Amino acid sequence: MILFYREFKRNYKALLIWTLVMAALMLMMLSIYPQFAEQQEAIEQMMSAFPEAMIKALNMDKLSMGDILGFYAIECYLMITLFGSVYAVMLGSSILAKEENERTIEFLLSKPIKRTSVITQKLMLVAVNLVIFNSLIAVVNIIGFSFTKDNNVDMSIFALLSAGPLLLHLVFAALGFFISSVVRKSRNILAISLGIVFGTYFLSLIANMAEKMEFLKYISPFQYVEAADIILTESIKPLYLLVMLALIAISTAASYYIYNRKDISV
Amino acid sequence: MKAIDIKKLTKYYGRSKGIIDVSFSIDEGEIFGFIGPNGAGKSTTIRTLLNLIYPTSGSASIFGKDIVKDTEDIRRMIGYLPSEVHYYDDMRSKDLLSYSAAFYKKDCTKRITELAERLDLDLNKKIEDLSFGNRKKVGIIQALLHEPKLLILDEPTSGLDPLMQNIFFELLEEENKKGVTIFFSSHVLSEVQKMCGRVAIIKDGKLIKVESIENLTGNHFKNVTIAFKAADSDIDIDGIIKKEKKGNELKLLYKGESDKLIAELSRHQLKDLLIEEPTLEEIFLHYYE
């Protein structure tokens with residue numbers, strides 16, 4: 001566990017900053033909800049003036065901004081899923097690559113520690129940080145809800161709306177970790193990882209806008225945890241859940257396999 | 001049991017060769033040198049022993065344990081100093097050394113302070129603020145702190161000033177007296193001569209020879225550069241392997257007794273004289289091939 005503690009020390013500042021910034025954004029958004037709720041009619045009229053594609057892209061056709069969870073799903077959820085995924089993929093893809101990039105891996109692997117154990121402890125750190133990140137944001141959101149004086153928040157749906165992003169973040173972190181175990185140049189690792197996050201987000205937007213492109217929603221992890229679906233069906237689709245768990249399991253297993261056979265070049 | 005036993009070790013990097021069919025062994029308690037020009041395969045061999053890279057074929061064992069299968073056990077018994085030391089930029093020397101010690105589940109605080117005093121290193125400074133030589137000292141302490149049975153040192157003296165090199169060699173001798181086996185690579189023949197009982201010589205990925213230092217230095221190779229006062233002066237005695245004349249200057253590669261050379265030189269009028277050790281490359285070129 002030496003490596004885990006070391007990584008925790010090394011990464012807690014970034015975790016703290018991301019959490020604080022995200023929590024502040026959430027509270028800011030939630031603070032404008034009361035006005036929204038009051039002037040709901042006027043706002044809905046204004047919305048109808050927006051282009052249809054945009055309304056669809058943001059799922060505003062399925063959700064009501066006058067309802068706190070609907071408002072949360074449209075205004076806040078996007079930030080947690082998108083920005084959180086950026087954090088997750090950066091964390092996942094750098095934690096192993098950093099050692100090779102800064103050439104400290106030669107030090108680490110000359111100590112009595114198995115490569116398998118290096119990966120396990122680093123993956124654990126990623127998972128723990130993401131759980132902390134998502135839990136703290138969920139707590140802040142609950143506090144935020146209580147200020148809106150809207151007492152009918154369905155907590156079981158909110159729990160799903162919190163578990164969804166965590167799963168999504170774990171998927172992207174696992175993908176980033178896998179990429180970092182395959183690709184040798186660290187500059188490319190971050191580029192590819194961020195490319196996957198923004199690329200699949202873009203695909204998700206297209207899938208929402210154009211009905212012909214609906215098949216895209218199976219490619220984009222963002223679609224797996226879509227707020228509108230979660231709120232309307234009160235669940236995360238088992239198929240999507242399975243795909244996400246499989247993605248995490250396969251990426252992780254592949255990372256172990258590849259890294260245990262890799263020549264460490266410095 | 002051999003401290004290190006290498007059998008037909010081969011490593012290819014893709015198509016380019018790293019080392020081919022390298023075999024030699026080191027007894028427990030030996031100080032063994034590993035010399036060769038840059039890029040000859042010294043680091044490749046060492047990094048294979050540590051399982052940082054996987055052998056393409058062949059095998060090696062350290063204290064009877066296989067370098068691939070038992071790498072974790074092996075690493076518990078050895079101290080490794082890489083040729084270039086790179087450490088975490090957020091750590092002070094102190095932090096890095098206690099992090100390193102934690103892996104061996106040993107309390108090494110006393111030894112760390114002792115070694116730091118010997119090497120004159122301030123443990124409270126951030127590693128990234130240290131000079132190259134001081135960073136090397138951190139590397140040396142890191143390799144020694146857990147009292148390993150075998151030290152593997154890759155170009156350990158580069159970056160250390162001559163004074164520090166002496167202290168470092170003293171440290172190594174003390175360790176060796178306690179029974180520690182030392183395997184170190186270098187491209188400087190003289191420092192290997194000073195320390196080692198035997199050396200392995202490697203070139204272009206192939207092991208050329210394993211030789212005791214006595215035999216190697218018994219060869220008495222000298223590079224002699226003579227500037228005569230008279231342009232037509234020349235020297236012709238036994239033991240001159242290569243001769244190159246340019247104006248008043250004569251360059252010799254000489255292998256033989258110093259007395260004879262000096263007797264011959266005294267018969268000429270000299271402007272200048274330089275007698276030096278030949279570089280490894282010259283020895284390779286004129287002796288081993």
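1. Ground rules. This is a predicted model, where local features need pLDDT of at least 70, side-chain atom pairs count only at pLDDT 80 or more, and totals for chains, interfaces and linings use all residues. Residues are numbered from 1 along each chain as its sequence is written, while chains are lettered from A and ligands numbered from 1 in the order in which they are written.

2. Chain A, the overall look. You'll find 12 helices and zero strands here. Helices (H or I, at least four residues) and strands (E, at least two) are DSSP runs, numbered from the N terminus. For 266 residues, a compact globule would have a radius of gyration near 18 Å, and the 20 Å of chain A agrees with that. That radius is taken over C-alpha atoms, and the globule rule is 2.2 Å times the number of residues to the power 0.38. Along the principal axes, the C-alpha atoms fill a box of roughly 65 × 40 × 30 Å.

3. Chain A, the inside. Of the 266 residues in chain A, 35% are buried. A residue counts as buried if 20 or more other C-beta atoms lie within 10 Å of its own, exposed if 12 or fewer, and partly exposed in between, with C-beta atoms placed from the backbone. A:E226 is buried, because 24 other C-beta atoms sit within 10 Å. A:E226 and A:L161 are 65 residues apart in sequence, yet 8.8 Å apart in space, C-alpha to C-alpha. As for contacts in chain A between residues at least 6 apart in sequence, 79% join residues at least 24 apart. Two residues are in contact if their C-beta atoms, placed from the backbone, lie within 7 Å.

4. Where the chains touch. Chain A puts 17 residues into the contact and chain B puts in 18. On the chain A side, the elements giving two or more residues are α1 (2-31) and α6 (105-108). The largest share of that side, three residues, comes from α1(A). By class, the chain A side has six nonpolar, two polar and nine charged residues. For these classes, Ala, Val, Leu, Ile, Met, Phe, Trp, Tyr, Cys and Pro count as nonpolar, Asp, Glu, Lys and Arg as charged, and the others, Gly among them, as polar.

5. Two strands pair if DSSP finds at least two bridges between them. The hairpin has two residues between the strands, and B:G247 takes a positive phi near 60°. β4(B) and strand β5 (residues 65-66) of chain B also form a hairpin with two residues between them, where B:F63 in the turn has a positive phi of about 45°.

6. Chain B, two domains. Domain 1 covers 2-217 and domain 2 covers 219-288; such bounds come from an automatic or database domain assignment. Their C-alpha centres lie 36 Å apart.

7. Chain B, the six-stranded sheet. This open sheet has the order β6-β7-β8-β3-β9-β10, with mixed pairing. At its edges are β6 (78-81) and β10 (206-212), each pairing on one side only. β6(B) and strand β7 (residues 150-154) pair in the parallel sense over four bridges, and B:L81 has B:L153 in β7(B) as its bridge partner. Helix α5 (residues 132-144) of chain B lies across β6 and β7, running at about 170° to β6(B). Axes are lines fitted to C-alpha atoms, for helices over the stretch in contact, and angles run from 0 to 180 degrees between N-to-C directions.

8. Chain B, the four-stranded sheet. A further open sheet has the order β12-β13-β11-β14, with antiparallel pairing. β12 and β14 (270-276) of chain B stand at the edges with a single partner strand each, so one side of each is left without a neighbour in the sheet. Strand β11 (residues 221-228) of chain B pairs with β14(B) in the antiparallel sense over six bridges, and B:A227 stands opposite B:D272 in β14(B).
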